[in-house]
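This briefing covers nonpolar packing and charged side-chain pairs in the structure shown below. The topics are taken in turn.

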Amino acid sequence: MDKYQKTNDVNLESMVLLSDQGGIIDVSKLVTRVDLFEDIYSHFMTGLIMVNDGVGIRTHLPIMGTESFELSYRTPGFGQPMLKVRMNIVSITKREISKNNSSEVYELKLKSPSYLINEATRVQGAYSGKISDIVKRILVKYLPGSKYIIQPTKNDYKFTIPNMKITEVMDMLCKHAVSEEGDPNYLFYENVGGFIFRSIGDMSKQPTAKKYHNKLASINDGTDKVKQEFMKIQDIQIESDFDIEKSISVGALSSKLITHDITTKTINTSFFNYITSFNEFNHINENKRFPSTSKFSKLLDGFNIVLPKSTLNHGEMFDRNQNYEDFVQSGISTRNMFLNDTVMVRVSGDSRLRAGMVAELSMPATEPKSGSNDPNYENKYSSGRYLITSIRHHFINMGTKEYTNVIEMSRDSLPMAIPDVKKFDNPSGIEDGTVN
């Protein structure tokens with residue numbers, strides 16, 4: 001029966017090792033732990049499996065780095081099909097042999113099959129057109145059969161690629177790509193569903209995929225207890241909140257771009273400011289992190305970028321390659337603002353979640369409150385929408401099977417506006433004062 005019955009419930013259908021020489025062995029009774037990792041800042045999925053080997057498969061298969069591990073799983077209760085993930089085994093570590101030599105425990109490191117193709121393949125040739133079309137042509141040619149999602153880009157470009165890895169090419173294209181809506185912050189990464197070439201701005205526009213809360217299990221809010229536990233934050237860690245010093249030093253808050261055109265012998269200057277340009281791009285929440293009256297709104301010359309360019313180096317039809325004003329400053333800002341406000345949570349596993357989706361957190365305020373219905377129960381600034389930047393799919397396969405997600409979430413904006421004017425009614429007696 002397809003029903004979610006307990007906290008961290010999971011259907012683990014199969015775990016097998018496959019040898020390039022044709023051998024297949026069921027290891028579902030030997031594998032004690034599986035971890036799969038997705039990260040929007042990492043090109044390929046990775047993983048780890050812990051094996052308690054009492055039958056000598058390391059010797060008899062044998063495990064030499066030419067094998068693959070295949071896992072089939074799903075979260076029950078949502079009508080989801082079984083997911084099948086295959087990863088290459090790339091190393092063996094943490095080997096511990098029992099004192100009587102009857103068994104051993106070891107960890108196998110996993111990487112996406114596409115990782116090996118990337119390391120053994122080089123892209124070369126001339127490509128022209130929209131960057132999104134170039135990405136598709138490269139994926140079809142060099143990673144045939146792979147699934148992908150590609151967000152359309154605007155403008156035509158021309159690139160001559162001189163013997164580069166697939167990921168090196170994608171990084172270069174990400175830096176130049178600008179969406180049809182004007183978002184410059186593209187990323188190329190892999191999750192369980194396939195490869196993604198998409199801007200952070202477009203990811204931020206997605207509807208909320210999951211809403212997590214931090215209510216006590218004893219609170220009766222009228223919902224099913226098992227479902228309530230499925231949505232509950234089991235553990236939380238605030239990794240970062242803000243870092244003004246770093247934001248200024250890397251150009252996230254403001255920058256000045258100076259370009260020297262060696263063709264026309266001209267120097268151009270453009271300024272960027274996070275606050276004044278906030279509405280030009282898509283964000284995870286509706287409000288900027290600082291009020292318009294903030295001193296940061298006047299920063300224009302803090303971080304200098306100097307770049308050479310050559311107008312018409314590819315002809316009139318492809319003269320966007322070095323139009324750095326379109327993507328350099330805004331790309332630096334939008335990427336780095338997402339690194340400032342980061343939360344790590346551990347929750348019940350959900351096989352529908354992917355890195356790059358949007359989740360919502362309901363965080364309790366750290367102040368006295370009468371209960372979950374107290375209007376001040378929720379921290380209005382810490383709660384809200386976050387972009388899922390990484391997911392660890394963690395499976396325990398010892399007796400009771402369990403599945404949890406460790407999710408890193410980040411955001412570049414706030415669900416509520418910071419007031420432009422805010423004061424204490426009683427500044428000389430703050431304990432008795434109220435805040436407007």
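Phe395 is in contact with Val10, Leu12, Thr32, Arg33, Val34, Leu36, Leu71, Tyr73, Glu402 and Tyr403, leaving aside its neighbours within four places in sequence. The model is a predicted one.

**Nonpolar cores**
- The largest nonpolar core has 28 residues, and Phe395 is among those with the most contacts inside it, together with Val34, Leu36, Phe69, Leu71 and Tyr73.
- Two or more residues of this core come from each of strands S1 (11–19), S3 (31–39), S4 (46–53), S5 (67–74), S6 and S7 (104–111).
- S6 gives the largest share of this core, four residues.
- Another core, of 24 residues, lies apart from it and includes Ile161, Leu173, Ala177 and Tyr186.

**Salt bridges**
- The whole structure contains 18 salt bridges.
- One of them joins the side chains of Arg74 and Asp2 at 3.5 Å, N to O. Arg74 lies in strand S5 and Asp2 in the segment before S1, so this pair ties together parts that are 72 residues apart in sequence.
- Arg74 is buried at 16% relative accessibility, whereas Asp2 is partly exposed at 34%.

- Arg33 forms a salt bridge with Asp35 (3.0 Å, N to O) and another with Glu107 (2.8 Å, N to O).
- Glu107 in strand S7 and Arg33 in strand S3 are 74 residues apart, and their pairing links distant parts of the chain.
- Arg33 is partly exposed at 21% relative accessibility, while Asp35 is buried at 1% and Glu107 is buried at 6%.
- Salt bridges with shared partners join Arg33, Asp35, Lys94, Glu107 and Arg392 into one network.

How values were computed: Residues numbered from 1 in each chain as written. Predicted model: local features only at pLDDT ≥ 70, side-chain atom pairs only at ≥ 80, totals over all residues. Heavy atoms only, no water. Core = buried A, V, L, I, M, F, W, Y, C linked by side-chain atoms within 4.5 Å. Buried < 20%, exposed > 50% of the residue type's maximum accessible area, 1.4 Å probe, protein only. Contact = heavy atoms within 4.5 Å. Salt bridge = Lys/Arg side-chain N within 4 Å of Asp/Glu carboxyl O.
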